[in-house]
Amino acid sequence: MVTVGIETSGPDACREFIELAQPEHPSLIDATHQMEARFGVVNIPNVTWIDEHGVIVRPPEPGWPGPAQYPKFLAQQMRTAAEEAESAELTPEEQRERDEQRAAAERVRNIVSGGQDRDTYPDAIRDWAEKGAASEFVMSPDEVVARSQPRPMTKSVGAAHFELGCHLWRAGNKDAAIAHFNEAHRLQPDNWTYKRQAWSLVGYELAGGGAMGRFTQNAPPGREDEWPFDSDFNRDIAKLEPGEYFPKTM
Amino acid sequence: MIVTDIDLTKEAFEAGTGWEIKHEGACKGDVCVTLDQSGAFDVQFTADRLRMAVVHDADHGLWAIGPESLGDRALVTADAPELVLPDLDGDEFRLATLRGQKVVVVSWAPY
């Protein structure tokens, strides 16, 4: 196994996760989104199978090691945030707002978790490991190409804008970066990695950092005027049906 | 790939895109696209043949060459592309060094 952390701001954003996992396999950092350009990865988590001869036998697809798991520090952070929200004394108006937020969050969870093979995906990998080319999950080379992500010329233009955005963001020219990110999102509306990456760069700053900072993919309450993107996670997710965010793979 | 001068050498284009410029043309795995190689390497012509976008940000003196879009698919061949990325310590790892083993490449992100 090889893991690739796709993160424009570089290794430190991935460090805590990798050091906690203590991997014995190569654990790489992709600051320039090469996994998108070279393989066609458009959302994470994402898995690609390559055989002993260097031939892809399953193109990039949503895949999981099993049921949802979070690192302990992140799970604790989520519990603490939930407990604080629960214990706060709210006015009736605030209570109504919180109920609406919870209902919206539940809708998002249903869309994001729909159509997945979390429990069975590892079994498919084990089947391939045991049977090799005879595994029912292995695809022919033509099938691999045909089932890789669609990429008309407009998506190449979008990828070029995204790379310009990442380059300018790292150089500290954030306004120029945002313009390229927005153009990339317009040209590649189905590329969730491009969206989540760009939103998280800004969200992290607006949230003031922290363990959950990079998961801030919408304007924090009261900071809506500072959100520079044409959309955000909740608005784009709301346009989908369950199974469209992570298409079923098996 | 990002460059500040679009007058690229063949070698720089190969390193940045993963396409090799051979006698047969521009090649990746078992796929080759013919090129007119009678003159010097022409990046714009090569990008057009591979259906790669070339986007210029004049304000910042940058060019970006997007990935190929041949066949309107992200993969033009099932041969795994060249991939060289650093680990946490900055040490580069080449995916091709794992030939002879089955490999599962798992992409993730901290967001």
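Among the contacts in chain A that link residues at least 6 apart in sequence, 56% join residues at least 24 apart, where a contact requires C-beta atoms, placed from the backbone, to lie within 7 Å. The model is predicted, so that local features need pLDDT of at least 70 and side-chain atom pairs count only at pLDDT 80 or more, while totals for chains, interfaces and linings use all residues. Residues are numbered from 1 along each chain as its sequence is written, and chains are lettered from A and ligands numbered from 1 in the order in which they are written.

Chain A holds ten helices and four strands, which are DSSP runs numbered from the N terminus (helices H or I, at least four residues; strands E, at least two). Their order along the sequence is β-α-β-α-β-β-α-α-α-α-α-α-α-α. The radius of gyration of chain A, 19 Å, is close to the 18 Å that the globule rule gives for 250 residues, so chain A is as compact as a globular protein of that length; the radius is taken over C-alpha atoms, and the rule is 2.2 Å times the number of residues to the power 0.38. Of the 250 residues of chain A, 37% count as buried, meaning that 20 or more other C-beta atoms, placed from the backbone, lie within 10 Å of the residue's own.

The contact between the chains takes 69 residues from chain A and 45 residues from chain B. On the side of chain A that touches chain B, helix 7 (residues 153–170) gives the most, with eleven residues. The table divides that side by class.

| Class | Members | Residues of chain A |
|---|---|---|
| Nonpolar | Ala, Val, Leu, Ile, Met, Phe, Trp, Tyr, Cys, Pro | 41 residues |
| Polar | the others, Gly among them | 17 residues |

Strand 1 (residues 2–6) of chain A runs parallel to strand 9 (residues 103–108) of chain B, and four bridges join them, where pairing needs at least two DSSP bridges. Thr3(A) has Val106(B) as its bridge partner in strand 9 of chain B.

Beyond its neighbours within four places in sequence, Ala160(A) is in contact with Ala53(B), Val55(B), Ala64(B), Ile65(B) and Gly66(B).

How values were computed. A residue is buried if 20 or more other C-beta atoms lie within 10 Å of its own, exposed if 12 or fewer, and partly exposed in between; C-beta atoms are placed from the backbone. Two residues are in contact if their C-beta atoms, placed from the backbone, lie within 7 Å.
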